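Here are some notes on the structure, as numbered points. Please read them beside the sequence and the model.

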Amino acid sequence: MLDAQKQAQLLHLAQDILKDTHSLTNEQLVQSLRAIIRLADWKYYVASESLLTDYEYDFLYKHLLKIETEHPELLSPDSPTQRVAQGLSERAATIKHLVPMLSLENTYNADDLRAWHQRCLSILGIEQIEYCIEPKYDGASISLVYEHNRLKQAATRGDGIQGEDISINAKQIKSVPLFINLEANGIEQIEIRGEVVMNKENFKNLNTQREKEGLSLLANPRNAASGSLRILDPQEVAQRKLSAIFYHISYVQHSHNATQHQAIHSHKEALENLYQWGLPSPAKELKLFTDIEALIQYCEAFESQRDLLPYEIDGLVIKVNRFDQQEAMGMTAHHPRWAVAYKFKARQSSSKLLDVIFQVGRTGSITPVAKIEPVLIGGATISSVSLFNEENVREKDLKIGDTVLVERAGDVIPYIVKSLPEARLGTERTIQFPSHCPICQQELEKPEEEAVWRCINIDCPAQVVERMIHFCSKDAMDIRGMGIANVQKFYELGIINNIADLYKINWDKVASLEGFKEKSIQNLKTAIEQSKQQELYRLLFGLGIRHIGETTAKNLSRAIQNLEALYTWGENDYLALEDFGPKMAKSLVHFFSLDENKKLLQELKSLGLNFENLQKEKLSEGNLQGNTFLFTGTLSKMKRSEAEKLVEQLGGQILSGVSSKLHYLVCGEDAGSKLEKAKKLGNIQILNEQEFLDLIQQA
């Protein structure tokens with residue numbers, strides 16, 4: 001294997017090639033691309049690590065293939081383009097696949113799909129083809145061979161010709177049957193292809209456990225699945241809770257008495273058979289199309305739904321449905337001509353960590369934020385990434401100047417998965433955490449039980465601004481028009497200096513500012529005035545009390561008639577409430593004991609803000625009185641906030657977590673750890689969305 005310095009040089013060269021900033025001749029470029037791809041293959045297939053994203057790898061591979069095609073004199077038998085993949089672990093025995101395990105040609109847009117469709121029509125010499133389409137699961141490829149109804153062997157993809165023998169570990173995957181009555185279908189031997197995957201929730205739990213044990217975090221579910229298959233201890237493999245999904249029958253040997261009726265004629269029939277035999281398959285997700293434009297529309301629409309699935313997918317697979325047409329089309333040395341992958345927009349990309357700045361939050365928390373070279377991920381350009389806290393930075397061994405892997409899943413805030421130490425050149429710098437607040441210079445403190453450093457100066461300008469932004473936000477007082485930009489501008493100009501000043505704005509001064517006309521000023525005035533009548537829980541949440549979220553604020557407001565009652569509450573009063581813990585109780589007691597906070601509240605009351613629980617009498621009359629609810633997963637017929645409001649209107653209470661005090665857990669799509677915990681407790685009634693709606697109607 002290459003030494004660390006050579007690996008780093010190759011990774012930096014890869015980035016130059018991707019950006020087209022290199023000055024290599026074609027011959028030098030070919031040699032460099034081969035070395036980069038070999039390194040990436042070894043890391044991925046043997047070490048279960050990703051050096052390049054799928055998009056970057058595909059780009060470099062196709063670039064190499066293009067040069068070799070245009071300059072055949074540069075083609076070499078040992079080029080990665082002349083084989084499917086490279087590298088097998090020397091530790092495990094190898095098994096030869098009954099049929100070569102090829103990869104798929106990738107497409108990234110509608111034009112690519114149309115071009116592939118035209119090639120299919122041309123090869124077959126017909127005017128219409130029936131295609132089937134299914135999810136492309138992002139896991140580790142696996143091949144199973146059954147003989148006389150029993151699982152004989154399981155192998156990784158390896159180099160496409162032979163793979164590692166993982167038969168013992170495959171038997172730990174509960175979705176892999178050890179016995180299938182295939183002889184009843186006239187089958188003596190069969191080879192089945194699939195993907196070993198890890199449920200998103202299981203992956204999250206695995207990383208949480210690894211973090212507790214001081215182990216490095218796994219980059220993504222795909223790497224976790226691939227690495228799990230190579231673990232030497234089968235019991236540990238079983239604990240990883242892997243799953244497998246099967247999508248292809250590559251070889252069938254029928255018995256002599258097999259009838260024509262038992263033969264499989266299409267991919268759709270194959271998936272249906274796999275499902276009937278007890279093998280998880282995408283049979284139910286499979287769609288058939290004869291119109292390429294309708295197929296393209298389906299691909300584009302499906303991409304927005306990928307996060308609703310319990311497993312990661314990175315695209316869709318389109319295949320010619322009929323086996324006789326597949327056979328007529330044949331294969332290249334690298335991929336079948338009758339199938340193609342439609343890849344979704346990249347969720348991961350590599351970038352360079354340029355600098356780290358430190359931001360101050362509304363509770364004084366100091367958050368390191370990475371400034372990276374701008375990179376396009378999932379349709380958005382990312383240039384700033386939160387690093388959360390010092391422990392996260394140290395654990396991931398991040399340094400300024402590092403090449404880092406950045407991920408963005410759906411609409412979630414992007415984060416740095418890991419650094420790539422292999423790319424270090426020795427000029428990287430350690431990230432130094434400040435000892436004093438970067439805004440007010442107050443010495444920072446770090447409570448023993450917390451992972452973050454804090455500025456304890458409540459008059460710190462950064463905290464003051466963040467508190468006002470939070471107070472005006474949609475889930476708090478919902479003052480429309482008073483967004484981040486306007487709060488910052490008004491503060492810098494001295495128009496507002498604290499939360500109470502929001503209700504004492506000098507409108508003549510605002511009118512003199514550029515961009516503020518009579519209508520926009522009137523809209524802002526109206527929003528501020530209307531906020532005075534917001535429900536009590538919104539005011540409690542808007543105050544930004546540590547550990548007090550929206551749900552907790554609702555539960556707290558429900559327990560009192562007037563906010564001022566909390567001035568005299570002790571910790572035991574809070575702990576007696578549903579879903580309240582010691583941290584919340586201490587935080588609330590501390591907040592209401594401070595004279596400056598009482599002074600602020602009295603001023604807000606004098607300015608006309610609502611301090612009364614106007615909902616108390618109304619809610620107590622509902623038929624759900626005394627029942628507690630919690631929602632998990634994605635609801636399809638309404639937003640979660642709308643469902644919670646329905647419960648509260650009928651007198652029910654929303655909890656923030658699963659506990660013995662919970663009566664109903666309502667589960668939408670992709671319900672995770674909360675569902676598992678509720679099942680273990682055993683005394684919680686679990687409802688799906690429709691059952692919840694039926695319950696609401698009865699109430």
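1. The buried residues of helix H7 are Pro221, Arg222, Asn223, Ala224, Ala225, Ser226, Ser228 and Leu229. Buried means under 20% relative accessible area, with exposed over 50% and partly exposed in between (1.4 Å probe, protein chains only). Helices are DSSP runs of H or I with at least four residues, strands are runs of E with at least two, and both are numbered from the N terminus.

2. This is a predicted model, in which local features need pLDDT of at least 70 and side-chain atom pairs count only at pLDDT 80 or more, while totals for chains, interfaces and linings use all residues. Residues are numbered from 1 along each chain as its sequence is written, and side-chain values use heavy atoms, leaving out hydrogens and water.

3. The protein chain contains 25 helices and 24 strands. Its C-alpha trace spans about 90 × 65 × 50 Å along the principal axes. Of the 699 residues in the chain, 51% are buried.

4. Helix H4 (residues 110-124) and helix H10 (residues 292-302) have axes that come within 10 Å and cross at roughly 145°. Axes here are lines fitted to C-alpha atoms over the stretch in contact, with angles from 0 to 180 degrees between N-to-C directions. On the H4 side, Ala110, Leu113, Arg114 and His117 make the contact (heavy atoms within 4.5 Å). H10 contributes Ile292, Glu293, Leu295, Ile296, Cys299 and Glu300.
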